[in-house]
Protein chains: 2
Amino acid sequence: MAQKTDLSKLNCSLAKALANIGDWWTLLIVRDAFLGATRFSEFQQSLGVARNILTTRLQGLVDAGIFERQGSPTRPHYILTKKGKALLPALLALMQWGDEWESERRPPMLVTDETGEAAQTVVATTRSGKPLTAANTRFTPGPGANKRTRAYLMLRAARKAAN
Amino acid sequence: MAQKTDLSKLNCSLAKALANIGDWWTLLIVRDAFLGATRFSEFQQSLGVARNILTTRLQGLVDAGIFERQGSPTRPHYILTKKGKALLPALLALMQWGDEWESERRPPMLVTDETGEAAQTVVATTRSGKPLTAANTRFTPGPGANKRTRAYLMLRAARKAAN
DNA sequence: CTGTATCCTTAAAGATACTG
DNA sequence: CAGTATCTTTAAGGATACAG
């Protein structure tokens, strides 16, 4: 992307996440890895992406610690690391959102566990299990918040209260 | 982005989702909306994005049905629709992934409900509540799968079994 | 098979001046 | 305040030939 702004510099976990996986190909490659693809050619054929682009993405994903190169250096497997596997909830949440709102509700892909039990829709809850919604969710500065973040969240909370 | 490939054409819910929100700014705008921002200027100042870019993104989000323009046409509010609000789990999952793997574990932002109860980490489970992991998750063709998707998933399953 | 190396095209992003 | 209109820069993406 014509990325003039460096997202990873922002004091925001979401921005940092997007700096890693915030472009089309990257998450689709990760998806294929969850499906079991490990080879350059497997990703290439599945996605129809140009080789040089795929090279860049794979390198980026390795650098980011999402993939690990394994096996023969000339014919490596790209394997999801723990960090990469940790993307599953986000990936499924996005897939389900696409199913629900962008398809005709006939999902091209069913997600189950190995026994065939269907996946539940990914939901956000509090620790006690109460559902989080746009209405009841609150964002407050955490320990890692810098001055700017802190100020912004205070401002937002104030504005929201004023409405 | 220099998007030569039209993701929305792919028979894949994830690709369709990414076609909507698959670039840096878009999801950050949505995040700000969850924080309570509604004005052009609020988004603009918060993100530091160029005006023309913001215009494009907001229009895109309105076209996608994620935002709705409300109030005075000359001074509108951009409000999350149901479809937009449905992005919360995906958004939180990405934020939490960024917290966990890209920050120094000092979250810049805490997520709670209105009573102050902390959010749980977004997880993927089966309907009975069993956790889904990269290891036990299976992907099979759904009713909306076309020939290509079907063939690909079969291939992947076969390859995976062969490993 | 897994890349590298080029070259080319396009469009995304940014800056900024201007308008209702 | 909320954009629109230009203009420029840059880099992402694609095609393809070649290499180990």
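**The interface of chain B and chain A**

Author: The area buried between chain B and chain A is about 8700 Å², with carbon and sulfur atoms giving 66% of it; buried area is the accessible area (1.4 Å probe) that two parts lose on being put together, summed over both. This is a predicted model, in which local features need pLDDT of at least 70, side-chain atom pairs count only at pLDDT 80 or more, and totals for chains, interfaces and linings use all residues. Residues are numbered from 1 along each chain as its sequence is written, chains are lettered from A and ligands numbered from 1 in the order in which they are written, and side-chain values use heavy atoms, with hydrogens and water left out.

Reader: How many salt bridges does the rule find across the interface?

Author: A salt bridge requires a side-chain nitrogen of Lys or Arg within 4 Å of a carboxyl oxygen of Asp or Glu. Lys130(A) and Asp113(B) form one, their closest N and O atoms being 3.0 Å apart. Across the interface of chain B and chain A, the number found is 10.

Reader: In S4(B), which residue is the bridge partner of Leu110(A)?

Author: Strands are DSSP runs (E, at least two residues), numbered from the N terminus, and two strands pair if DSSP finds at least two bridges between them. Strand S3 (residues 109-113) of chain A pairs with S4(B) in the antiparallel sense over five bridges. The partner of Leu110(A) in S4(B) is Thr140(B).

How values were computed
Helices (H or I, at least four residues) and strands (E, at least two) are DSSP runs, numbered from the N terminus.
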